[in-house]
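Please look over the following model with a reader new to it in mind.

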Amino acid sequence: MSAFATPVSLRPAPVHPAYMTTEADDVELARRWREDRKRWSERETVSDFEQAFGSWNGSRHVAAFDSGRMALRAALEALELEPGAEVIVPGYTCVVVPNAVRAARLTPVFADIELDSYGLDPAAVERVLSSATRAIVVQHLYGLVSLHFESLLALARRNDLRVIEDCAQAMGAIWRGDRVGTVGDIGIYSTERSKVISTGEGGLAVTEDARLGARLARAAEDAAAPSEDRVRRILDVVPLLHRQGHARGPLRGSPLARARRAARIYPTTTVEEEQGDGPEFPPSRMSAPAAALGMNQLRKIESFNTRRRAAAERWDDWCVLTGHRRPVVAPGSTPIFLRYPVLVDPERKRWRDWAVRELGVELGVWFTGKLHPRDPDIPDLPHADTAVARCVNLPTLLPDPG
Ligand SMILES: *Cc1c(COP(=O)(O)O)cnc(C)c1O
């Protein structure tokens, strides 16, 4: 760019990829709950949300937790595997996923992914199978249904493995008429602020199996309520998410103003969690305010996902024009494109400002390490290494122009 670059005020404000789901009505709802502290541990609001999610998702049993990682831990514990049993996990995921496996006293074993939908590669799974393998965590990343889902299910059946679907990024995606998360033994979802719908932080576990459903319900029942500090922190961040996600125009969108606001948004993963030694986070259940936000967001999920799919079509066109490889949609599936993943030159993942200049959007970087944000040296994950170096994601929930 020349020294006389377009003044900031004339440049389109970059669209933040993460927090677009938080809208003015959610901010108002959070404000009301902020003042109603007596009701924060109310159970009824949470079971209303569980029921509403179940009937929307087509799930018989739903249990709500304080985060997706806690839902995953509860899911693994509900399987009642013997301590130390091996669970196959994608080698391209969040560090909180293997942490949850360890917290459940199980052993994560990493398998490589494919670079079409960023799901598990069945051949790589075969290679790490052992006599101690009992379960497999199948992921539907970026809102795409895992391309080899059918082979992975067949592989699990052949080897008598339980299947947990990690749908943290894919709530609402459909595979052969069913929503993801309802196909395996247990499905887990995240309602963290950057996911398909946001309750600030939160997570859900679903199953069709009555025994597993009862165990999940008991886990949620026995879990402590989140601390008042935590609930207050979540509610206080909602207006910040809204402003960050919807910042438009000259000053509010200036890099400095945005950086200042971003700094006030606390990270949802602690340093200890990032170090990856599975700190003992006690599972807690979802708070009533989070469930109330979830109810409100659930009313909007179809419109969010419709908008995401429409944006993905435009990114498809962009890929064709620019020679990028398009993500592959599994036959018979309807993705929701939480983000639109593409492989770019490593330099363009490291230095991301080109996207603001060329596309007017901020890039997402899930994942910057095989166990995001960590990048431990795990052998035999060449595709995961490629994705860490080259996979960026484009936002799909864009504000109305104007
Ligand atoms: C976000 C995420 C999780 C964990 O969800 P939290 O609510 O943040 O605990 C698990 N798996 C994947 C793929 C995720 O993106």
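Which helices and strands each supply at least two residues of the lining of the largest pocket? They are helix H3, strand S3 (93–94), helix H4, strand S9 (186–190) and helix H14 (353–359), where helices (H or I, at least four residues) and strands (E, at least two) are DSSP runs numbered from the N terminus. The model is a predicted one, in which local features need pLDDT of at least 70 and side-chain atom pairs count only at pLDDT 80 or more, while totals for chains, interfaces and linings use all residues. Residues are numbered from 1 along each chain as its sequence is written, and side-chain values use heavy atoms, with hydrogens and water left out.

A pocket is an open set of points on a 1 Å grid over the protein atoms alone, where a 1.4 Å probe fits, with protein on both sides within 12 Å along at least five of seven lines; its lining residues have an atom within 4 Å of a point. The largest pocket holds about 1,200 Å³ of space, a volume being the space filled by probe spheres set on grid points that are joined across faces, edges and corners. Its lining has 48 residues, and the closest to the centre are Tyr-19, Glu-192, Ser-194, Trp-366 and His-372. H3 gives the largest share of this lining, three residues.

The ligand sits in the largest pocket, in the sense that more than half of its atoms lie within 2 Å of the grid points. Around the ligand are 14 residues, the closest being Gly-68, Arg-69, Asp-166, Ser-190 and Lys-195; a residue counts as near if one of its heavy atoms lies within 4 Å. Helix H3 (68–78) and helix H4 (96–103) each supply at least two residues of this shell. Polar contacts, which are pairs of N or O atoms within 3.5 Å, are listed here.

| Residue (side chain) | Ligand atom | Distance |
|---|---|---|
| Arg-69 | oxygen | 2.6 Å |
| Asp-166 | nitrogen | 2.7 Å |
| Gln-169 | oxygen | 2.8 Å |

Taken alone, the ligand exposes 380 Å², and the protein buries 96% of that, with accessible areas from the Shrake-Rupley method with a 1.4 Å probe.

Most peptide bonds are trans, and most residues other than glycine have a negative phi. A cis peptide bond, with omega about -5°, joins Trp-366 and Phe-367, and Phe-367 is in the loop between H14 and strand S13 (371–372). Another cis peptide bond joins His-372 and Pro-373, with omega about 0°. Asp-160 has a positive phi, near 55°, and lies in the loop between helix H6 (149–158) and strand S6 (162–166).

Technical notes
A polar contact is a pair of N or O atoms within 3.5 Å; within protein, one must be able to donate a hydrogen and the other to accept it, and residues adjacent in sequence count only if both atoms are side-chain atoms.
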